[in-house]
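This briefing concerns a sheet, the helices packed around it and a pocket. Please consult the sequence and the structure shown below while reading.

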Amino acid sequence: MPHTALTSAAADAPLAAIDMGSNSFRLEVGQVRGARYQRQLYLKETVRLGAGLDAELCLTEEAMQRGLDCLRRFAQHLEGFEPGRVRAVATQTLREARNRNAFLQRASAALGQPIEVISGREEARLIYVGVSFLQPSDERRLVIDIGGRSTELILGQGRQPGDAESFQIGSVSLSMNHFPQGRLDAEGFRAAQVAAGAEIEEALAVFAPSRWAQALGSSGTAGAVSDVLKASGIDDGVITPAGLRWLIGRCIEAGHVDRLDLPGLKPERRAVLPGGLAILYTLAAHFDIQALLPAKGALRQGVIIDLHERLRAHRPRSGRRDMRDDSVQALQRRFGIDTTQAERVARVAMALHDQLSPQAAAEERRELWWAAQLHEIGMMVSHHDHHRHSAYLLDHVDAAGFSQSQQRRLGELVLGQRGGLRKLEGALPREGFVEQLLCLRLAVIVCHARVDQPSSAVRLQRRGRQVQLQAGKALANPRTRYLLAQEAQAWARTDSLSLALPD
């Protein structure tokens, strides 16, 4: 992308990640130098956000308050960090919660940082990024991460992730559904294993034992089970089917989570251990996992390492690429986008944005560039109302490196590339969005004939709410001038800005 504004933060400076999981929230500050990772701060709080989803899949006020209180405490440790050096991600509970936007608005204010909801596959990718960096190996690996409300499986070799999938089962959800009021019995474990097996059965071929040589367990459940087995003298920390059967037996003997008195088991893990244990045993049986090794890395380290690599990619002459640029190109190929037209629109849109918002943040500029490159992705579905199809695809397609939140912002931009603006009333007040949208819409108009246009085809000057179109090559074309006049009328029906054409 041309003229990329760079963050002032050095990529090698400390970076921070906030992992808003379904069971726990975690804050980590770390530093990446070459092939080394150094943790500088780690905080974890058991928030149980996933347990706060009601029958309508809405977060209760009590659960939201637990999360907000935790984020306020985390915020105290982020003072002095520039925004480009912090990334907060939310996972399955906020993928599900119907009132997530209301919570995210309050949560971002409490943390003092934007919060991104990431897709299950993006979560899986980031988990592998963390594990493969902290525990390097050239072996073909299966990485398993059992969270509160989702379980991720990832195949990979070296630093390169391969097939990845996220399943909507987790230690919190399975414990709540199959061990009510904390009761532990053989029937509950059998039912939990059937439920877990039904969810992962479709992936038997994808993650078959023939496709990997080593299995690693990342994050809380695998670590907790490994600690208990080691402290009890059952295994040396390696998780085996025999060790899992032994631990299930001890749970059934206890009869209730409150009576679980196991060496190495932290009190906050008791309530969710049964569900996580049932998932682990099911995975071991289905994929013939004879030894599961605890992994050193997890999502939070993956977020930091990925952020480090993004910052390095945008250094001048770095020779590196932002993974999201690669994802955009892959989507262009997949959906047969006219890349010549996309490049025309992107070039004009960026030139206009330079005039309108010369001090815009780097990420704001990148989002406009990506939206312009993908604004016709919906043409593969239908030429009629392609902007609506484009928005839907960008909301729902898997795009490595992008969060769900960022994809929705891109979707709003491409939805607004043409037609009335009332459909975007909720997005127009967002900082920077009006400028991005106006530049994209004007670029689409200027390039509507699908012939090359100079980036100076339209020039803009802004005074407060008013944007003045100045003389340019495009205004000499009567058809383009007609479309620009219609554009001015569309903006006149909003409270955002007014667009004036020269006489």
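Which helix gives the most to the lining of the second largest pocket? In this predicted model, that helix is helix 11, with seven residues. The points below turn to the pocket as a whole, then to the sheet and to the helices in contact with its strands.

**The second largest pocket**

- The volume of the second largest pocket is about 740 Å³.
- Its lining comprises 30 residues, and those nearest the centre are Arg125, Pro161, Met323, Ala400 and Gly401.
- Two or more lining residues come from each of helix 4 (120-134), strand 8 (160-167), helix 10 (299-313) and helix 11 (323-334).
- By residue class, the lining of this pocket holds 14 charged, ten nonpolar and six polar residues.

- Five strands form an open sheet with mixed pairing, in the order 8-7-6-9-10.
- Strand 8 and strand 10 (292-294) are the edge strands, each pairing on one side only.
- On average, and with direction ignored, neighbouring strands of this sheet are turned by 25 degrees against each other.
- Strand 6 (residues 140-146) and strand 9 (residues 214-218) run parallel and are joined by five bridges.
- Ile144 has Gly217 of strand 9 opposite it.

**Helices lying across the strands**

- Helix 4 lies across strand 6, strand 7 (151-157), strand 8 and strand 9, and runs at about 50 degrees to strand 7.
- Helix 4 and strand 8 also both contribute to the lining of the second largest pocket, each with two or more residues.
- Helix 9 (residues 273-286) lies across strand 6, strand 7 and strand 10, and its angle to strand 6 is about 155 degrees.

**Packing of helix 7 and helix 9**

- Helix 7 (residues 219-231) packs against helix 9 at an angle of about 90 degrees, the two axes being 10 Å apart.
- Since angles of 65 to 115 degrees count as roughly perpendicular, helix 7 and helix 9 are therefore roughly perpendicular to each other.
- On the side of helix 7, the contact involves Thr221, Ala222 and Val225, which meet Leu273, Gly276, Leu277 and Leu280 of helix 9.
- The residues of this contact divide into five nonpolar and two polar, with no charged residue.

Note on methods: Residues numbered from 1 in each chain as written. Predicted model: local features only at pLDDT ≥ 70, side-chain atom pairs only at ≥ 80, totals over all residues. Heavy atoms only, no water. 1 Å grid on protein atoms, 1.4 Å probe; cavity = no way out; pocket = protein on both sides within 12 Å on 5 of 7 lines; lining within 4 Å. Points joined across faces, edges and corners; volume = space filled by probe spheres on them. Helix = DSSP H or I, 4+ residues; strand = E, 2+ residues; numbered from the N terminus. Nonpolar A, V, L, I, M, F, W, Y, C, P; charged D, E, K, R; others polar. Pairing = 2+ DSSP bridges. Axes fitted to C-alpha atoms, helices over the stretch in contact; angles between N-to-C directions. Contact = heavy atoms within 4.5 Å. Parallel < 35°, antiparallel > 145°, perpendicular 65-115°, else oblique.
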